[in-house]
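Trainee: Could you walk me through the pockets and the packing of this protein?
Mentor: Gladly, let's look at it together.

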Amino acid sequence: MTTLLEAAAELRDAVDPMRFDGPLVAVYNPLAYAWEMHAAYVRRHGQGRKKAVFLGMNPGPHGMVQTGVPFGDPPMVRDFLQLDEPIGQPEHAHPLLPISGLHHRRGEVSGRRLWGLFQKKFGTADMFFKDHYVLNYCPLAFFAEGKRGPVNYTPDKLPSDQTRALYAACDMHLRAVVTATGAEWVVGVGGFAQKRAEETLADMPVKVTTILHPSPASPMANRGDWGETATGQLRAAGMW
């Protein structure tokens, strides 16, 4: 059976040569330039069987793009996950999209909210990862030209003819992760991840549910306490 680290390496190598057209000005693959950090995340927190896998969409510009860790808000990666490995640079880095790793000054709200919820409920990362794991469906970050420079461009906006090979590689990786962890649940963090999980895992003995995406771009995520909302959703689904 493929290990999580082997599956991540296979996904890294599968998507790295892919090219995309349209309004994109940059495509970053943090599994490549931040591999040391991602590998450390997998080795430290991906061991053993898991009850549930939390599945995000793709790297955020101030999270995994900087740290190589899903929802990788730099302070959370350093202080809660206790990871600190060298971060390289993309092969074709955009001058307005610098990579500064754990020294990145701008945090990621989504990551701060998600890992903050786990920290509040479980206390330590080791206690959380005893039964849970977190990954992104797609490892690539896409950027389009905005009025003030490059802006995040999510994979659901790409035309279908450009996502077939990408989604095929991501589907294979997701199935490998579920098999390796023996997960009973996959929690889609947001609607896109939920839909991809439902389609990809339809023939596997795993339950799929969802929580509201913690992005500040979502008006619903900014109403009240996002952590309480997500916890309520997981309790209602029967997972927590």
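Mentor: A definition to start with: contact means heavy atoms within 4.5 Å. Keep in mind also that this is a predicted model.

Trainee: Which strands does helix α10 lie across, and at about what angle does α10 run to β7?

Mentor: Helix α10 covers residues 226-237. The strands that α10 lies across are β2, β6 and β7, and its angle to β7 is about 155°.

Trainee: What is the order of the strands in the open sheet?
Mentor: Strands of a sheet pair through backbone hydrogen bonds, either parallel or antiparallel. Here there are 4 strands with parallel pairing, and the twist averages 25° from one strand to the next. The order is β3-β2-β6-β7.

Trainee: Which strands stand at the edges?
Mentor: Look for strands with a single partner, because one side of each is then left without a neighbour in the sheet. The strands at the edges are β3 (132-136) and β7 (207-211).

Trainee: Which residue of β6 stands opposite V53?
Mentor: Strand β2 (residues 52-56) pairs with strand β6 (residues 185-189) in the parallel sense, over 4 bridges. Opposite V53 stands V186.

Trainee: Why is α1 described as roughly antiparallel to α8?
Mentor: Two packed helices are described by the angle between their axes and the distance between the axes. The axes of α1 (residues 4-15) and α8 (residues 160-181) come within 9 Å and cross at roughly 180°. Angles over 145 degrees count as roughly antiparallel, so α1 and α8 are roughly antiparallel.

Trainee: How do the residues of the contact of α1 with α8 divide by class?
Mentor: Helix α1 brings L4, A7, A8, L11, A14 and V15, while the residues from α8 include L166, A169, C170 and H173. The division is 12 nonpolar, 2 polar and no charged.

Trainee: Which element gives the most to the lining of the second largest pocket?
Mentor: This pocket holds about 400 Å³ of space, and D16, R19, V27, Y28 and H92 lie nearest its centre among 17 lining residues. Two or more residues come from each of β1 (24-28) and α2 (30-33). With 5 residues, the element that gives the most is β1.

Methods:
Residues numbered from 1 in each chain as written. Predicted model: local features only at pLDDT ≥ 70, side-chain atom pairs only at ≥ 80, totals over all residues. Heavy atoms only, no water. 1 Å grid on protein atoms, 1.4 Å probe; cavity = no way out; pocket = protein on both sides within 12 Å on 5 of 7 lines; lining within 4 Å. Points joined across faces, edges and corners; volume = space filled by probe spheres on them. Axes fitted to C-alpha atoms, helices over the stretch in contact; angles between N-to-C directions. Parallel < 35°, antiparallel > 145°, perpendicular 65-115°, else oblique. Nonpolar A, V, L, I, M, F, W, Y, C, P; charged D, E, K, R; others polar. Pairing = 2+ DSSP bridges.
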